[in-house]
Amino acid sequence: MYVLEKLKGGLIVSCQARPDEPFYGSQYMALFAKSAELGGAVGIRANTPADIQAIRQTVSLPIIGLYKIQTPGFDVYITPSKQAAEQVAAAGADIIAIDATLRSRASGESVKEIIEYIHRTLNKLVMADISTLEEGVAAEQSGADMVSTTLSGYTSYSPQQDEPDLALVKQLVAHVKIPVIAEGRIHTPEELVTAFEYGAYAAVIGGAITRPHVITARFVNAIQKRIQR
């Protein structure tokens, strides 16, 4: 639990890029992670064994690792199986993030089975990515060490909005005893502060820090809206 304590009250930076983005590549993600460390981040969230390994060699911060694997016919893709979790652990992650929604997985494994495997066999902590209060409560009951609002807005049955789901943060804090991590569409320092005021243990920010083309577009859109007015 020492690793968990190092995250308390701090900012975790998600360093991820898609294949169609300019900064796609483990070497770039490692540099983003180093920049985050220099800026005072307390942890890094990273996708794929290759990126996790590169970041592990570059920073001394705790790493929340995951492995996004798309499977036709299934919506779950964040570390969807024991096998994926094993690869994340081998790459050097301290904590393994999994999709802990109530949706089915291609492996047929349950959230509880995956969490127990990560604890007993891999000896790692688990971050449960969820989209609703019900899923957060279920994740705690399944043994997750922390719960994150990562998937709110990314499941068909959760609120579809541009703003972070801070209401979910507040609800989770009131209903679970494990640490609640605020994640998803946090764009401003003010939203981040509000998340902590609502009781978040820590917060994850990705696109607002590590996706320059998205940040640029947000400013450009503001100019266009002014012109339209």
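Helices α4 and α5 are roughly parallel to each other, a class that covers angles under 35 degrees. The model is predicted, with local features requiring pLDDT of at least 70 and side-chain atom pairs pLDDT 80 or more, whereas totals for chains, interfaces and linings use all residues. Residues are numbered from 1 along each chain as its sequence is written, and side-chain values use heavy atoms, leaving out hydrogens and water.

Helix α4 spans residues 82-91 and helix α5 residues 111-120; the two pack at an angle of about 30°, with their axes 10 Å apart. Axes are lines fitted to C-alpha atoms, for helices over the stretch in contact, and angles run from 0 to 180 degrees between N-to-C directions. Helices (H or I, at least four residues) and strands (E, at least two) are DSSP runs numbered from the N terminus. The crossing of α4 and α5 is right-handed, the near helix being turned clockwise from the far one by less than a right angle. On the α4 side, Lys-82, Ala-85 and Glu-86 meet Glu-113, Ile-114, Tyr-117 and Ile-118 of α5, where contact denotes heavy atoms within 4.5 Å. This contact of α4 with α5 comprises four nonpolar, no polar and three charged residues; Ala, Val, Leu, Ile, Met, Phe, Trp, Tyr, Cys and Pro count as nonpolar, Asp, Glu, Lys and Arg as charged, and the others, Gly among them, as polar.

Helix α5 also contains Lys-112, which counts as partly exposed because its relative accessibility is 41%. Beyond its neighbours within four places in sequence, Lys-112 is in contact with Gln-141 and Ser-142. Ser-142 is located in the loop between α6 (133-141) and β6 (146-148). With a relative accessibility of 15%, Ser-142 counts as buried; buried means under 20% relative accessible area, exposed over 50% and partly exposed in between (1.4 Å probe, protein chains only). Outside four places in sequence, Ser-142 contacts Val-111, Lys-112 and Ile-115.

The axes of α6 and helix α7 (residues 166-175) come within 10 Å and cross at roughly 35°, and this crossing is right-handed. Leu-133, Gly-136, Val-137 and Glu-140 of α6 meet Leu-168, Gln-171, Leu-172 and His-175 of α7. By class, four of the residues in the contact of α6 with α7 are nonpolar, three polar and one charged.

The largest nonpolar core has 51 residues, of which Cys-15, Ile-44, Ile-55, Ile-96, Ile-98 and Ile-118 touch the most other members. Such a core is a set of buried Ala, Val, Leu, Ile, Met, Phe, Trp, Tyr and Cys residues joined through side-chain atoms within 4.5 Å. A second, separate core of 17 residues includes Ile-64, Leu-125, Tyr-201 and Val-204.

Key: Angles under 35 degrees count as roughly parallel, over 145 as roughly antiparallel, 65 to 115 as roughly perpendicular and the rest as oblique.
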